[in-house]
Amino acid sequence: MALFWIPLLTTLGSLISSLTAKLSRNQTAAITLLAPIAALAICLYHAPAVFNGDILYSQFNWLEQLNLSISFRLDGLAFLFALLILGIGSLIIFYARYYLSDKDSLSKLYAYLMLFMTAMLGIVLSNNVIQLWFCWELTSISSFLLISYWNDKAEARKGALMALTVTGAGGLALLAGLMLIGNIVGSYQLDDILASGELIKQSQWYEVTLVLILLGAFTKSAQFPFHFWLPHAMAAPTPVSAYLHSATMVKAGIFLMARFYPALAGTEMWFLLVSLTGLATLLLGAYVALFKHDLKGLLAYSTISHLGLITLLLGLDTELATVAAIFHIINHATFKASLFMATGIIDHETGTRDMRKLNGMWRYMPYTATLAMVAASAMAGVPLLNGFLSKEMFFAETLHSQLLGSMSWLIPVLATVAGAFSVAYSARFIHDVFFNGDPIDLPKQPHEAPRYMRVPIEVLVALCFVVGMFPNYIVDGLLQVASMAVLTEATPVFEIAIWHGFNLPLLMSGVAVGGGILIYTQRKYLFQFQASLPSLSAKAMFDQALDYLFIWSQKRIKQFENGSLQRYTILLIMLVLFAAGAPLFEMHQLVGQNTPHNIDMFNAVGTSLLIAGALATVIWHRHRMIALLMISVVGLMVSVAFTRFSAPDLALTQLSVEVVTIVLLMLALFFLPQHTPKESSSIRVLRDLSIASACGVVIGSICYAIITRPLDSISQFFIENAKTGGGGTNVVNVILVDFRGFDTLGEITVLGIAALGIYKVLVNLPLFMPATDGEGRKWAKEKYPLLLATISQTLLPLALLVSAFIFLRGHNLPGGGFIAGLITATAIILQYIAHGSNWIAERLTINYRKIIAIGVMIALICGMGSLVFARPFLTSWFDYFDIPLVGKTELASALIFDLGVYVTVVGSTMMILASLGKLTANEPNKQEKARGAD
Amino acid sequence: MELLYSICVGVLVACGVFLILRARSFPIVLGLTMLSYAVNLFLFASGRLSINQAVILGASPQHADPLPQALVLTAIVIGFAMTAFSVILAIRARADLGNDFVNVQGSNSTVKKAGSKK
């Protein structure tokens, strides 16, 4: 079975669970359980190979040029984590069915849980670090959804947001770190990275990379000082907490450190950063946990403390410490998940998690109490349970550490202190909840939980026992292969035993247990002391920092974005001016080697008209009608220029676009205010003039520099192949519909989208319709001059004939879909102008939106037609036929494509102008006045 | 001729930029139109200027560069769509806000006197 089935199954599971809302709760749970159990089976199927030391792969190439692939990899470490994720995940799904009340949606929780499971599996199985990062972010998002499951509660929303902010920010740091690694190694494949440890450590970017990756790991694993999000994430439903904070989410950070251990660890900096952070987290978590009255709060800080312990182990410079870290990952997952689930039962059956109210639960739920007590003892490190073994190994390794030089003795001492606090809070968990007198006004009458709700806890507690008593039979092999994946070299010889004889670690354990019990019995004084300290709320600080950040960034944004379009434009233009102008000063000589053309009469006249038109537009820009006339002179001269300089297609296009643009601007004039008051100060005009002139000078100079230099173009290819490959002699048209057909397809799509956007913007437009023109004259009474109406009607068929002609000859002579479309549109617009849109609407009902869609579809289907003949998209085909009456004619499939272009252009142009023109006709009251400008 | 052509492009750019920097929507639309003329001419000229060399195979011994022509052809049509879109936005803004200023009113002191609403 291929590896990709593991995450694929859980993805499917997530989709299926989201569809089970209508089924009964048992059915939902059963269906949801299928996916993780199947995935677990696949995992176990691979177990023999993994235990053999093999690494399994499964890969799809995606973007090979970018070194990106979807790639999975299963080694010992990934196998261990996959087991935890799937195994504990299945138990949690089972448990959640009994935990959630009827009014909460089970399928929603399951869908999120499965999504989260997929993301976690993605992290541990990825062989590509970008893929790993993607899944990493997916865990942040899915945990956000899970924590805010009860989204009607403010604390759930805030807790979720905090977790997302902290872990999301860490995720960004991680991405930066991974990209640095990718840069150093030259590959994003995990295999390559793990094999290039020396290269990475010797790189000058090593320090930055390490810090960035550790930031990702520390935020995710709630290491000090990023630990504060974890207690607030306890607003999640308890099954979620049990899953996220025992086996998965927070372990992702640990996994990351273990995964990159071969590539990054081994330097002084790694050991110091990782071990000191771990030590601080271990102490802080253990200390604070004791003072939490909320059961889940206690477990949250205990989780922080244990994560600190694992981190510290990863940062100790002995190989056995790494083995101990992996061992503790397993142990912590089992006992913490069962404790969370037991807490869920207590909460479920009593209605509270406050330890000041919960007392004497032993009498009401002896069975759950026993399970919880065993798990809590494992947490405290009591012999014969798994927690004892890894804690013993931990103590032993702290003794070997040389990290702090002559002060290295501090590490075992502080570890023992943390151990004592851990015993103390475990004792509090057991004694305060199950004994210590009678319950105090509980919301519910407590009783034992449903039978099956306890099953997942039983399974895990049994594991605590079995691992604790027979470690060598149960976990030895798993530990071997997982450690081998982390250490890459041969694993050090180790033997897990309950009894090592009287030695220092045992003494430390003893001191920790004794000290812990002492602390617990004397807790009254500690609580008083703690109460006298000024309260430090991480949440308040976080909120404050966030508020400050928002205010700060808003201020900065306002400095740039003050609502003035003029200002934005000027900033952009200045930027372009400097970017484009600066290189000009470094150029040796502006003029190139080409011999210039002579200036003849036509060119001189055309140029002067163009310049005069442009200047006149600027001078009279406040007299709108004159400005419009002047700019149309410019447009005409541009098309004349195209004619002159051997571009007949461009000239035709420019000419027809010009007509349509002027009609559009005339319509716009009708709707916009008729006067443009003079309002710019002289200084401002001067400033704008200088900027504008500078732009003109820079762009003009660049243009001159370009066109006086020799041309080295790829166009020879098009010229040579237009006839033989594309079947047309008009090379411009062949490029449009054949060589670069894909571009053209994009262009007409954009055109269609623009037209649809315009249609949407004009919906429900409140109208301003002037009764008179700018000089206060009434609109003409004769709305539709008879002469125009008559001529336009006769003109229509002729114009359509011309456009058909232009369209058909386009492949060989100037013309084609774009130009023909514009000519057709102009002909139809003339009808609108001559008769008004109501007259047209009575005679012709055209839905221009559909026309646009049809046009794009024709082009698309024509392009896909080539797929049928197993050719690449948009390959064209042509041949010669004898058609009666017409003679020998060439027919090319590109003609169909050009038809699509034609239809889209007609549809879009008509859509734009007709929607605008129609507005004037739709207002019944003002119709009479409005028609005049139609 | 090349010099004259470049001067034309420069003048069109200058006029377009000046119009774009105005505070009312219609001059800006004019400016955008002007600027797109300039850009089209500029791009077209990257194939160099040639007279009587239309790229119709068999029509002349030498040919102009067809590639910039093809690019500019679509650019003209897209430019029209863009002009149309900005015109419609201007109309919509005028209808919704009651004026044709392009700045948020009161945001900037560039306008000497506030435009009277019509």
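1. The largest pocket holds about 1600 Å³ of space in this model, which is a predicted one. A pocket is an open set of points on a 1 Å grid over the protein atoms alone, with protein on both sides within 12 Å along at least five of seven lines, and its lining residues have an atom within 4 Å of a point. A volume is the space filled by probe spheres set on the points, which are joined across faces, edges and corners. Of the 50 residues that line this pocket, A:Pro231, A:His232, A:Lys292, A:Gly297 and A:Tyr301 are the closest to its centre. Several helices of chain A give two or more residues to the lining, including helix 7 (154-185), helix 16 (295-315) and helix 26 (538-560); helices here are DSSP runs of H or I with at least four residues, strands are runs of E with at least two, and both are numbered from the N terminus. By class, the pocket lining has 24 nonpolar, 13 polar and 13 charged residues, where Ala, Val, Leu, Ile, Met, Phe, Trp, Tyr, Cys and Pro count as nonpolar, Asp, Glu, Lys and Arg as charged, and the others, Gly among them, as polar.

2. The structure also holds 8 cavities of 30 Å³ or more, a cavity being a set of grid points where a 1.4 Å probe fits but cannot get out. The largest cavity has a volume of about 100 Å³, and its lining draws on both chains, with A:Gln654, A:Glu658, B:Tyr37 and B:Phe80 among the residues. Helix 30 (648-671) of chain A, and helix 2 (25-45) and helix 3 (66-97) of chain B, each supply at least two residues of that lining, which divides into 4 nonpolar, 7 polar and 1 charged.

3. The second largest cavity has about 70 Å³ of space, and its lining includes A:Asp649, A:Phe818, A:Asp898 and B:Leu73. Helix 33 of chain A gives the largest share of this lining, 4 residues, and the lining residues divide into 6 nonpolar, 4 polar and 2 charged.

4. The largest nonpolar core has 196 residues, of which A:Trp229, A:Phe260, A:Leu264 and A:Trp270 touch the most other members. Such a core is a set of buried Ala, Val, Leu, Ile, Met, Phe, Trp, Tyr and Cys residues joined through side-chain atoms within 4.5 Å, and buried means under 20% relative accessible area, with exposed over 50% and partly exposed in between (1.4 Å probe, protein chains only). Another core, of 124 residues, lies apart from it, with A:Ile662 and B:Met34 among its members.

5. Which residues does A:Thr617 touch, not counting those up to four places away in sequence? With contact taken as heavy atoms within 4.5 Å, they are A:Ala627, A:Met630, A:Ile631, A:Val634, B:Leu19, B:Leu30 and B:Met34. A:Thr617 is found in helix 28 (residues 601-619) of chain A, and A:Thr617 counts as buried because its relative accessibility is 0%.

6. Chain B has 3 helices and 0 strands, and 65% of its 118 residues count as buried.

7. On numbering, residues count from 1 along each chain as its sequence is written, and chains are lettered from A and ligands numbered from 1 in the order in which they are written. In this predicted model local features need pLDDT of at least 70 and side-chain atom pairs count only at pLDDT 80 or more, while totals for chains, interfaces and linings use all residues, and side-chain values use heavy atoms, with hydrogens and water left out.
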